[in-house]
Amino acid sequence: MAFLLKSLPAAAAATRPLAATTMRRAAMPAIMRSMSTSANSACEPDEPVFLQCVELYYDRAAKLSGVNPGTLAHLRAVDSMLRVTFPIELEDGKYEVIEGYRAQHSRHRLPVKGGIRYSEEVDLQEVEALASLMTYKCAVVDVPFGGAKGGIKIDPKKYTVDQLERITRRYTMELCQKKFMGPGIDVPAPDVGTGGREMSWIMDTYRQFNADDVNAAGCVTGKPLSLGGVRGRTEATGLGVYYGIREFLSYPEVQKKTGLSGKIEGTSVIVQGFGNVGYYAAKFFEANGAKVIGVGERDCAIYDPNGLNVEDLYKHHRSSGSFRGYSASAKILEDPIKILEEECDILIPAALERQIGLRNVDKIKAKVIGEGANGPVTPAAHESLEKRGVVVVPDLLLNAGGVTVSYFEWLKNLSHVRFGRMNKRWDETSRTKLLEVVQETAGRQLTETERKAVVHGAEEADLIYSGLEDTMIQACEETRNTANIKNTDYRTAAFVNAIQKIATVYEGSGMIFMN
Ligand code: NAD
């Protein structure tokens, strides 16, 4: 892949790495005042911004965690923050200055890990909030990484593919130059507005600067398979959302609270955001017998109590750019956020933060809210939902499937071998031998289909899916146990578990002075 850096040379660009503490204290009040309005439509003006939401959730759990106050204070703060600005040349020969960020919240384990978001809403506090959540999320699912997040303040829809490539490569160059990237330092992944294409550009640019790094493929995850990606990464977050909700529905206490049967089959589901997380979550719910009755996007939402066909709807949306004209029987909601207020069993916000706040929380009718997105529910709304007996399965647990499979991809890149390559044939041969003995003893030959099912050795995709499922089941169970022991909600319980796990690393490593 060619190195296409057509923007101004590095020396001409204004780049400003900043110590996190300086940046946060100086910039926070202005940032809070200048919060974008679109992410606020569900919130009252005095509700906390995203970073404050995460901090409020953290503080609540910190009190229950039994962890040393020094460790708690250290863990709460963002370690370091990079802010860069750089120009790119537009079609008409004019230059536009682009703003990008990367926050590393906690380096108690390396590398740090977190997605890169392309959105006009990206700002300092959002990136810090997302980086913090990443730290806790990794701990909840026992992924041995610290948390990070990056973002570029652009609407990717307004740029050509060539411009997006130049922006991505230039941003990556800044990360490389400032040592904010590398397989053992900081490993980005896709988030809102980015995907496999951007990850390939990032990897290629990293390689230009680190030609002798034998582990270069591990500098970023969410890559296409042909460039070192892993099977199952694309759908991992949506699949994790499905696994997580399936687990919670199976708990008797959740069934009692919600009146649901405990099975996914027959439930009605609404999804907000039809991108990577929302689309795949909807697909897995549908494939397992749920009825997807509503989907919300930026411009409008679609609702049909008889059920929507997820794949057909997705194709229609991809080709026309809207849900309009999909079906005569479905209702179109001109104000897309209203989809959250429609009747359903399971509501999956999978778009942006702060979508359920004090302005709309009383109108939410779902029995279970599964946070596919990061931070979709504000603390006040969360409290109100809990009081009403709505089960909220929190982001740091439920959408951790993405980072879990990113971890598997990183392991694959560092080991330089596809999962299953070394043992598949061996497993199949051993099982065939065992089967022959069993068949002889039992006096019955299996059919060819039965035989294949028994001897089949695990392929990469089998191992990834099973690793993800096991991780989600275990993390859900741990969260549930803590919630029951501490008599608290699932969000607080997940935070408590994360804080306690990270504290053992902090305190064991001598990262803070212990009395
Ligand atoms: P994406 O860009 O693939 O999809 C987001 C979708 O939401 C887009 O289709 C967009 O048009 C839509 N959208 C934007 N604003 C909207 C609004 N106001 N109302 C309704 N829809 C709107 O992004 P994604 O990767 O699916 O991420 C979605 C959420 O999930 C984010 O909060 C992200 O941080 C979180 N998340 C993503 C991953 C991952 O692996 N991609 C992992 C964990 C968490």
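The mean pLDDT of the protein chain in this predicted model is 91, and 91% of the residues reach 70 or more. The exception to keep in mind is residues 1–39, over which pLDDT stays under 50. The domain assignment divides the chain into domain 1 (2–33 + 78–227) and domain 2 (236–398), and the points below concern confidence and the contact between these domains.

**Confidence**
- Although pLDDT stays under 50 over residues 1–39, the model has 85 contacts beyond four places in sequence for this stretch.
- Where pLDDT is low, the predicted coordinates should not be read in detail.

**Domain arrangement**
- The C-alpha centres of domain 1 and domain 2 are 29 Å apart, and the contact takes 11 residues from domain 1 and 9 residues from domain 2.
- Between them, domain 1 and domain 2 bury about 830 Å², with 54% of this area on carbon and sulfur atoms.
- Of the area that domain 1 buries against domain 2, 45% is supplied by Leu133, Lys137 and Val140, which is more than any other three residues supply.

**Polar and charged features of the contact**
- The count between domain 1 and domain 2 is 1 salt bridge, and there are 2 residue pairs in polar contact between these domains, with both residues at pLDDT 80 or more.
- Helix 4 (residues 124–140) provides 6 residues, the largest share of the side of domain 1 that touches domain 2.
- The residues on that side of domain 1 divide into 5 nonpolar, no polar and 6 charged.

**A side-chain pair**
- The side chains of Glu353 and Arg117 form a salt bridge, with an N to O distance of 3.1 Å.

Technical notes. Residues are numbered from 1 along each chain as its sequence is written. Side-chain values use heavy atoms; hydrogens and water are left out. pLDDT is the predictor's confidence in each residue, from 0 to 100. Contact means heavy atoms within 4.5 Å. Domain bounds come from an automatic or database domain assignment. Buried area is the accessible area (1.4 Å probe) that two parts lose on being put together, summed over both. A salt bridge is a side-chain nitrogen of Lys or Arg within 4 Å of a carboxyl oxygen of Asp or Glu. A polar contact is a pair of N or O atoms within 3.5 Å; within protein, one must be able to donate a hydrogen and the other to accept it, and residues adjacent in sequence count only if both atoms are side-chain atoms. Helices (H or I, at least four residues) and strands (E, at least two) are DSSP runs, numbered from the N terminus. Ala, Val, Leu, Ile, Met, Phe, Trp, Tyr, Cys and Pro count as nonpolar, Asp, Glu, Lys and Arg as charged, and the others, Gly among them, as polar.
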